[in-house]
Amino acid sequence: MIEIDVRDLVGHPGTSREVRVDEPVEGLNLELAAVPEDAPVEAELLLESVVEGILVSGPLRGSMRLSCARCLKTFERPFDVSVHELFMSERADGGDEYPLDDEGAIDIEPMVRDAVLLSMPFSPLCRPDCRGLCERCGGDRNLGECTCGPAPGDPRWEALGRIRFDDDK
Ligand SMILES: [Zn+2]
Ligand SMILES: [Zn+2]
């Protein structure tokens with residue numbers, strides 16, 4: 001929970017204030033991407049009072065740890081995501097606004113979590129041309145560790161694969 005007291009803004013449309021937050025956020029994990037829980041997310045947010053509630057906008061920055069979907073190497077990559085979200089005291093059912101509680105506070109953690117999770121790649125690559133691991137020997141093909149040749153299933157090798165298979169029997 002990253003609570004911000006906005007009582008000074010509620011009910012005064014047109015007023016605004018900037019706030020800087022530098023806090024770790026829990027639950028930023030996908031299978032191949034994560035923001036470690038000890039790594040803070042830096043937010044520079046503009047809080048604007050509007051008739052409907054509080055509008056929160058600005059950049060979220062930090063660093064995520066990714067695992068390459070092809071070679072499994074882990075690497076860090078900075079992220080910079082923009083948010084622009086409304087916090088309302090009376091939310092419409094099914095609306096995508098965040099809550100502004102009766103005490104005049106907003107919890108920006110769910111907003112930060114949603115925005116950062118959405119920006120995470122499902123299939124991160126250590127580099128665009130990563131050659132991945134060999135399906136047969138597990139060697140890192142970027143390092144030239146593998147001498148197996150083209151992956152199985154390559155039409156050029158299918159005939160050979162069949163021959164070898166017959167030999168096994
Ligand atoms: Zn890779
Ligand atoms: Zn190999």
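How are the donor residues of the zinc ion (ligand 2) spaced in sequence? They follow the pattern C-x2-C-x8-C-x1-C. This is a predicted model, and in it the protein donors of that ion are the SG atoms of Cys134, Cys137, Cys146 and Cys148, lying 2.2 to 2.4 Å from the zinc. The site is tetrahedral, with angles of 103 to 114° among its 4 donor atoms. Cys146 is buried, at 16% relative accessible area, while Cys137 is partly exposed at 45%.

The other site to look for holds the zinc ion (ligand 1), coordinated through SG atoms by Cys68, Cys71, Cys126 and Cys130 at 2.2 to 2.4 Å. Here the spacing reads C-x2-C-x54-C-x3-C. This site is tetrahedral too, with angles of 107 to 114° among the 4 donor atoms. Cys68 and Cys71 are both buried.

Now find helix α1, which covers residues 109–119. Its buried residues are Glu109, Met111, Val112, Ala115 and Val116. Seen down the helix axis, they fall within an arc of 160°, so they line one face of α1. Strands β4 (40–50), β5 (53–67), β6 (74–88), β7 (98–99) and β8 (105–107) are among the elements that cover these buried residues.

The largest nonpolar core has 38 residues, and Leu45 and Ile108 have the most contacts inside it. At least two residues of this core come from each of β2 (16–24), β4, β5, β6 and α1. Beyond its neighbours within four places in sequence, Ile108 touches Ile2, Ile4, Val21, Leu45 and Phe87. As a general pattern, nonpolar side chains tend to be buried together in soluble globular proteins.

## Salt bridges

The model has 9 salt bridges. One of them joins Glu42 and Arg20, at 3.4 Å from N to O. Glu42 lies in strand β4 and Arg20 in strand β2, so this pair ties together parts that are 22 residues apart in sequence. Arg20 is exposed at 57% relative accessible area, whereas Glu42 is partly exposed at 31%.

Asp80 and Arg61 form another, at 3.1 Å from N to O. With Asp80 in β6 and Arg61 in β5, the pair links parts 19 residues apart in sequence. Glu109 is buried at 6% relative accessibility, while Arg113 is partly exposed at 25%. Elsewhere, salt bridges with shared partners join Arg20, Glu42, Glu44, Arg61 and Asp80 into one network.

Methods:
Residues are numbered from 1 along each chain as its sequence is written. Chains are lettered from A and ligands numbered from 1 in the order in which they are written. This is a predicted model: local features need pLDDT of at least 70, side-chain atom pairs count only at pLDDT 80 or more; totals for chains, interfaces and linings use all residues. Side-chain values use heavy atoms; hydrogens and water are left out. Donors are N, O and S atoms within 2.8 Å of the metal (3.2 Å for Na, K and Ca); water is not among the atoms, so sites may look incomplete. Four donors count as tetrahedral if all angles lie between 85 and 135 degrees; four count as square planar and six as octahedral if opposite donors are over 155 degrees apart and all others between 65 and 115; anything else is irregular. Buried means under 20% relative accessible area, exposed over 50%, partly exposed in between (1.4 Å probe, protein chains only). Helices (H or I, at least four residues) and strands (E, at least two) are DSSP runs, numbered from the N terminus. The arc is that of the directions from the helix axis to the C-beta atoms. Contact means heavy atoms within 4.5 Å. A nonpolar core is a set of buried Ala, Val, Leu, Ile, Met, Phe, Trp, Tyr and Cys residues joined through side-chain atoms within 4.5 Å. A salt bridge is a side-chain nitrogen of Lys or Arg within 4 Å of a carboxyl oxygen of Asp or Glu.
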